[in-house]
Amino acid sequence: KLHKAIKFAIEVHQGRTRKGKDEAYIVHPLAVGLILSRVTSDEDIIIAGILHDTIEDCKPYGSITKEFIAKEFGESAAEMVNDVTEQDKSLSWDERKRLALEHIPQMKEGSLLVKSADVLHNMVDQIADYKVEGDGMFEKFNAGKDKQLKR
């Protein structure tokens, strides 16, 4: 299942890059999976980390569903991916982040690990970018520096 998840993530993220970078997007979900593999041997948690952005970020939006992930990778992985997925991309950035934060207390341990690994990798990536670009790195995001630092 792990090999299948890696191949699937590579396929659905193909051609995408990280915001404002010349780096294949797939580096991020694979790094999240790697972080998780350092703290757990639970294959479903590692798979969820690798697939964590497939529901909300793959084009066309909505083409990857929780049900599809459950069928292909199991209900446990699908639940964790869904737990860390923004449920309504039509909402404003502020509203989506508020809802995501409010949902954290309802998450089970596996989902919390996936969320933590995602945030950790994002922060490591942003710190590296900041060292090179300074405040200019915030220009590539939908929300400015003040909002980014408050979340």
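Biologist: Which residues does I64 touch, not counting residues up to four places away in sequence?

Modeller: This is a predicted model, to begin with. In it, I64 touches F8, V12, T54, I55, C58 and I69.

Biologist: I55 is on that list. Why does I55 count as buried?

Modeller: Buried means under 20% relative accessible area. I55 has 10% relative accessibility, so I55 counts as buried. Its place is in helix α4. The C-alpha atom of I55 is 10 Å from that of E67, 12 residues apart along the chain.

Biologist: What makes K66 partly exposed?

Modeller: Its relative accessible area is 22%. K66 sits in helix α5, residues 66-73.

Biologist: Which residues is K66 in contact with, leaving aside its neighbours within four places in sequence?

Modeller: They are I55, E75, A78, E79 and N82. As for A77, its C-alpha atom is 9.2 Å from that of K66. Those two residues are 11 apart along the chain.

Biologist: Now to the helices. How do you know that α3 is largely enclosed by the rest of the structure?

Modeller: Count the buried residues. In α3, 8 of the 9 residues are buried, so the helix is largely enclosed. The buried ones are D44, I45, I46, I47, A48, G49, I50 and L51.

Biologist: What covers the buried residues of α3?

Modeller: The cover includes α1, α2, α4, α5, α6 and α8.

Biologist: Which residues of α3 and α6 meet?

Modeller: D44, I45, I47, A48 and L51 in α3 meet S76, A77, M80 and V81 in α6. By class, this contact has 7 nonpolar, 1 polar and 1 charged residues.

Biologist: Where do α2 and α3 meet?

Modeller: P29, L30, V32, G33, L36 and S37 in α2 meet I45, I46, G49 and I50 in α3. That contact divides into 7 nonpolar, 3 polar and no charged residues.

Biologist: Last topic, the largest nonpolar core. Which of its residues touch the most other members?

Modeller: The core has 27 residues. L36, L51, I64, I69, F73 and V114 touch the most other members. The helices that each supply at least two residues are α1, α2, α3, α5, α6 and α8.

Biologist: Which helix gives the most to this core?

Modeller: That is α3, with 6 residues. In soluble globular proteins, nonpolar side chains tend to be buried together.

Terms used. Residues are numbered from 1 along each chain as its sequence is written. This is a predicted model: local features need pLDDT of at least 70, side-chain atom pairs count only at pLDDT 80 or more; totals for chains, interfaces and linings use all residues. Side-chain values use heavy atoms; hydrogens and water are left out. Helices (H or I, at least four residues) and strands (E, at least two) are DSSP runs, numbered from the N terminus. Buried means under 20% relative accessible area, exposed over 50%, partly exposed in between (1.4 Å probe, protein chains only). Contact means heavy atoms within 4.5 Å. A nonpolar core is a set of buried Ala, Val, Leu, Ile, Met, Phe, Trp, Tyr and Cys residues joined through side-chain atoms within 4.5 Å. Ala, Val, Leu, Ile, Met, Phe, Trp, Tyr, Cys and Pro count as nonpolar, Asp, Glu, Lys and Arg as charged, and the others, Gly among them, as polar.
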